[in-house]
Amino acid sequence: MKIGYQGIEGSNSRAAAEQMARRLGWSDVTYIPLVHSQGVVDGLRSGAVDCGVMATQNHVAGVVQESAEALRGVQYRILAEDCIPIHHCLFVKDPSLVEIDIVASHIQALKQCEGHLKMEYPNAVWQELEDTAIGARYLAEGRLSPATGVLCRRDAGLSFGLHLLRENMEDNEQNATQFILFALEKEG
């Protein structure tokens with residue numbers, strides 16, 4: 001079974017994909033990072049993956065527009081749904097960094113942490129990225145300004161060798177996102 005998911009390894013979608021596959025009793029699974037929701041739909045259409053996982057709604061930031069747009073007009077069936085807690089950490093590359101000029105992440109993560117970001121980093125510019133874990137990878141690779149902090153899962157930041165600056169940056173401690181595991185309906 002090949003499951004394509006929104007994001008890369010270390011993303012919330014990957015964690016949701018693994019959780020749903022375990023719950024369904026699927027053991028022989030290959031997880032394929034497809035970065036965007038549209039990439040998941042395209043992977044399903046081409047036959048590169050058997051099913052897909054994407055975020056559909058966060059109870060704080062609302063509907064995940066990227067997913068809603070990718071699914072518009074698509075005939076699909078939901079195989080599983082999970083609502084998982086989402087905790088964002090702020091990571092930097094240089095542990096001695098004092099001023100953060102940019103906070104980079106997926107727009108949903110930025111919205112979920114808006115209050116903390118405005119209070120603690122009022123002058124930081126938001127930089128929207130394709131995925132939270134991609135932000136960690138970009139910062140580790142030097143593709144983002146050294147004065148950038150990224151919001152992502154704890155395991156994503158640590159896996160890319162970043163320095164944990166703050167945990168639980170989400171404004172609501174009950175922050176959670178709904179994910180779906182789905183397959184395309186066969187035509188006819």
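Guide: The buried residues of helix 1 pack against strand 1 (2–5), strand 2 (30–33), strand 3 (51–58), strand 5 (76–85), helix 6 (132–140) and strand 11. Please keep in mind that this is a predicted model. Which residues of helix 1 are buried? They are Asn12, Ser13, Arg14, Ala15, Ala16, Ala17, Met20 and Ala21.

Now follow the helix from end to end. Helix 1 runs over residues 12–23, 12 residues in total. From its first C-alpha to its last it reaches 17 Å, close to the 16 Å expected at 1.5 Å a residue. After helix 1 comes Gly25, which has a positive phi, near 80°.

Arg14 and Glu18 meet in a salt bridge, at 2.7 Å from N to O. Both residues belong to helix 1 and sit 4 residues apart, about one turn of the helix. An α-helix has 3.6 residues a turn, so residues three or four places apart point the same way. Are these two partners buried or exposed? Arg14 has a relative accessible area of 16%, so it counts as buried, the cut-off being under 20%. Glu18, at 25% relative accessibility, counts as partly exposed.

Glu114 and Lys118 form a salt bridge, with their closest N and O atoms 2.9 Å apart. They lie in helix 5 (residues 114–120), and because they are 4 residues apart there, about one helical turn separates them. Glu114 is partly exposed, with a relative accessible area of 30%, while Lys118 is exposed, at 53%. Salt bridges that share partners also join Arg137, Glu141 and Arg143 into one network. The count of salt bridges comes to 8. One of them brings together the side chains of Arg153 and Asp155, at 3.1 Å from N to O, and Asp155 is partly exposed, with a relative accessible area of 42%.

Let's return to strand 11, one of the elements that the buried residues of helix 1 pack against. Strand 11 (176–184) supplies at least two residues of the lining of the largest pocket, and so does helix 2 (37–46). About 310 Å³ of space lies in this pocket. Its lining has 13 residues, with Gln75, Ala183, Leu184, Glu185 and Lys186 nearest the centre. By class, the lining holds 5 nonpolar, 2 polar and 6 charged residues.

Conventions:
Residues are numbered from 1 along each chain as its sequence is written. This is a predicted model: local features need pLDDT of at least 70, side-chain atom pairs count only at pLDDT 80 or more; totals for chains, interfaces and linings use all residues. Side-chain values use heavy atoms; hydrogens and water are left out. On a 1 Å grid over the protein atoms alone, a cavity is a set of points where a 1.4 Å probe fits but cannot get out, and a pocket is an open set with protein on both sides within 12 Å along at least five of seven lines; lining residues have an atom within 4 Å of a point. Grid points are joined across faces, edges and corners, and a volume is the space filled by probe spheres set on the points. Ala, Val, Leu, Ile, Met, Phe, Trp, Tyr, Cys and Pro count as nonpolar, Asp, Glu, Lys and Arg as charged, and the others, Gly among them, as polar. The expected span of a helix is 1.5 Å times one less than its number of residues. Buried means under 20% relative accessible area, exposed over 50%, partly exposed in between (1.4 Å probe, protein chains only). Contact means heavy atoms within 4.5 Å. A salt bridge is a side-chain nitrogen of Lys or Arg within 4 Å of a carboxyl oxygen of Asp or Glu.
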